[in-house]
Amino acid sequence: MGIVRSRLISKDARAPNDVGVALPARTPVSMNVPHTAPAASLDCHDRPPAVSTDPGGPADNARAGPPIDHTSLPPELWLEIFRYATHVPRARTIAPPDPFVPERPANYAWGMNSPIQSMHTKCAVVRVCHAWRMLATELLYEHVVLGSVRRVYLFCRTLVESQASEQKVIAANGLGEAVPAMGHGRWVRHLEVQRWAIQRSSQSTRYWECVVRCVYLCPNLRVFSGIWQTPLPDGLLSALEQYLPSTLQELYWQQDSVLIAAKELPILTTTFLSKFSTLRVLDLRKICVLEAERSLQHVQFPALTLPRVTYLALPTCPLLLRFASKQVLPELCHLILDAAGAPRTVWAHLVNRELTGFLEVHGHKLTTVELLPPVTQSFRPGPIGISAFLSPKTCPRLDTFVFDCREKAICPSSAALAQVSDRDGRESAVRVVAAHSAHGAAGPAAPLLEEAHPRLRRVGIRGTSISRLYPNKPAQAQAHLNAFLGCRAFFPALEVVRTLGFLVDTSTDMFAPDVFIWWTERFERIGVDLQDGEGVVWMLEEEQKAGVPGVEKVIERAVSRPDAGPPDGLNTGLTAPRELQTTSSAEVKNTA
């Protein structure tokens, strides 16, 4: 009996790229390489001769078109090839990708690159020839990280010198002021400033002046990331508001150890954000307010209108949740709540109170919600219960919900159980309630489910591993799977449950396919696809095919081995270890 890997591609899957990066429109760049020139400047190989499929003589060959080789590629394709070879996540955009984009094992170019390796590749590309240098120089400046004082000074000097050099060329050509000189700053799309250490006061003023000048010399900036470990000097935010381009699309702001929010968080207490009417992504998840409870009593937030913000990332901090609830965000649809960015001293009841106010204002617009867990060794759940988003009154348009397996599992209330008309569905939900009562150390997520959610379609569970899926070893990940199995009546539109981050193919456990198939068959009975992180539905082929032994015989052979055998509880519908299987080579792809 073999195993079939069935990859299901949803209607909203992103086919062009797997990282969810929107490629901006660009002006074509000329390579200045004529098609009739030899190819030595682009490759050491000779140009392939023209081949004619017509059996005629030399005249027919003469009528054949020009040869097609790498010199025929337009500059746009070369630039995309270079970007593929040097890709680093979050380099060109900080927008969160679709969590359901199929993952791949890290054995390809995109998964192997680090920022340092990517920069080495870019430097090698621009040294190949003049044509490649002219084409790929912009890749060196697309994402600039200013992580030290020296780097700030050097980058500022480079921008100034390149602008002066370009100005001389413009003046020599007699163009005057008709063409503005921008230098290398024209290519900077993402500027990241990291202020980690406290410099001497004598150098601090010059440092901030260079930072502001770098911002001024990057007129086409689309993404700005500010990482501040120390309080910002007075006047810096006003300077950034003046010199950052009004067309800024994405903003990431990280500020550590904020004591007095009214003085140290001017980004929230002023009208700074209202200048950027084209802002799409606002990431504030790493703002850490130490005295959030006290700040709630003294801070007043202005009500701003951010008409284009689609992605919002916040920490599970009551102060930031109150700030977001005061803003007008008509296009908001994707919310990320990060429990790792909030201080541990914040009480959970404050978070839930402010979250309720936030959902009253923005909950009806949310289509995707992601909950990120706290960074801790105790495996404790976050301060927010996952069922807070699963009420049709709170988030009626919710389509995709992602959370960590350490969170408390959902559970229906007694009144909701009485309203379930389907007998099998009611009995399954009763078993979920009974399981919470028997193994209620963690307890169910609050609040309890009161009514069905008509639109939830995709559920992603992070943090799952094969050791947490063995049925004879109860774990919180299994509690979530059993909860969605039993509460199927409360999610009539549910199509997919995916174990994000866990790929069966990369597991070293020899029984990983068997265990996962055991769960897949249970979800198949209720009409839901259980997929691993690769988007693959693992299933068994039909029994008793030609030359393939049945399930009982295969299991008997596996158990007879002294060094292998399926664990307890896996004696139904499971195959032998992988070396005893007849694996089907067919991979079924159903395109919805």
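This note walks through some helices, a strand and several aromatic contacts in a predicted model.

1. Start with helix α4, residues 115–126. Its 12 residues should span 16 Å at 1.5 Å a residue. The C-alpha atoms at its ends are 17 Å apart, which agrees.

2. Now ask which residues of α4 are buried. They are S118, K122, V125 and V126. These residues cover an arc of only 90 degrees around the axis, so they sit on the same side of α4. The face turned away from that buried side carries I116 and H120, both exposed.

3. What covers the buried residues of α4? The cover includes α2 (75–85) and α5 (130–141).

4. Look next at α5. This helix has 12 residues. From its first C-alpha to its last it reaches 18 Å, close to the 16 Å expected at 1.5 Å a residue. Its buried residues are A131, W132, L135, A136, T137, E138, L139 and Y141. They pack against α2, α4, β2 (143–146) and α6 (149–172).

5. Move to strand β4, residues 223–228. How many of its residues are buried? The count is 6 of the 6, so the strand is largely enclosed by the rest of the structure. In a regular strand the side chains alternate between the two faces of the sheet. In β4 both faces are covered. V223, S225 and I227 are buried on one side. F224, G226 and W228 are buried on the other.

6. Strand β4 has partners. Strand β3 (residues 190–195) is joined to β4 by 6 bridges, and the two run parallel. Here E192 stands opposite S225 of β4. Strand β5 (residues 250–258) is also joined to β4 by 6 bridges, again running parallel. There F224 stands opposite L251 of β5.

7. Turn to the aromatic rings. A pair of aromatic rings is described by the distance of the centres and the angle of the planes. The model has 17 aromatic pairs. Take Y216 and Y243. Their ring centres are 5.4 Å apart and their planes stand at 80 degrees, so the pair is edge-to-face. Y216 lies in helix α7 (residues 201–216) and Y243 in helix α8 (residues 236–243), so the pair ties together parts 27 residues apart in sequence. Y243 is partly exposed, with a relative accessible area of 32%.

8. F389 and F401 form another aromatic pair. Is it stacked, tilted or edge-to-face? It is tilted: the centres are 5.9 Å apart, with 45 degrees between the planes. F389 is in the loop between β10 (368–372) and β11 (400–404), while F401 is in strand β11. The two residues are 12 apart, and the pair links distant parts of the chain. F389 is buried, at a relative accessible area of 0%. F401 is buried too, also at 0%.

9. Some rings gather in a group. Ring pairs link Y207, W208, W228, W253, F272 and F276 into a cluster. W228 is also one of the buried residues of β4.

10. Finally, check two charges over rings. The charged end of R90 sits over the ring of Y252, 5.8 Å from the ring centre. The charged end of K473 sits over the ring of Y470, at 5.2 Å from its centre.

How values were computed: Residues numbered from 1 in each chain as written. Predicted model: local features only at pLDDT ≥ 70, side-chain atom pairs only at ≥ 80, totals over all residues. Heavy atoms only, no water. Helix = DSSP H or I, 4+ residues; strand = E, 2+ residues; numbered from the N terminus. Expected span 1.5 Å × (residues − 1). Buried < 20%, exposed > 50% of the residue type's maximum accessible area, 1.4 Å probe, protein only. Arc of directions from axis to C-beta. Contact = heavy atoms within 4.5 Å. Phe/Tyr/Trp six-rings, centres within 6.5 Å; stacked < 30°, edge-to-face > 60°. Lys NZ or Arg CZ within 6 Å of the ring centre and 35° of its normal. Pairing = 2+ DSSP bridges.
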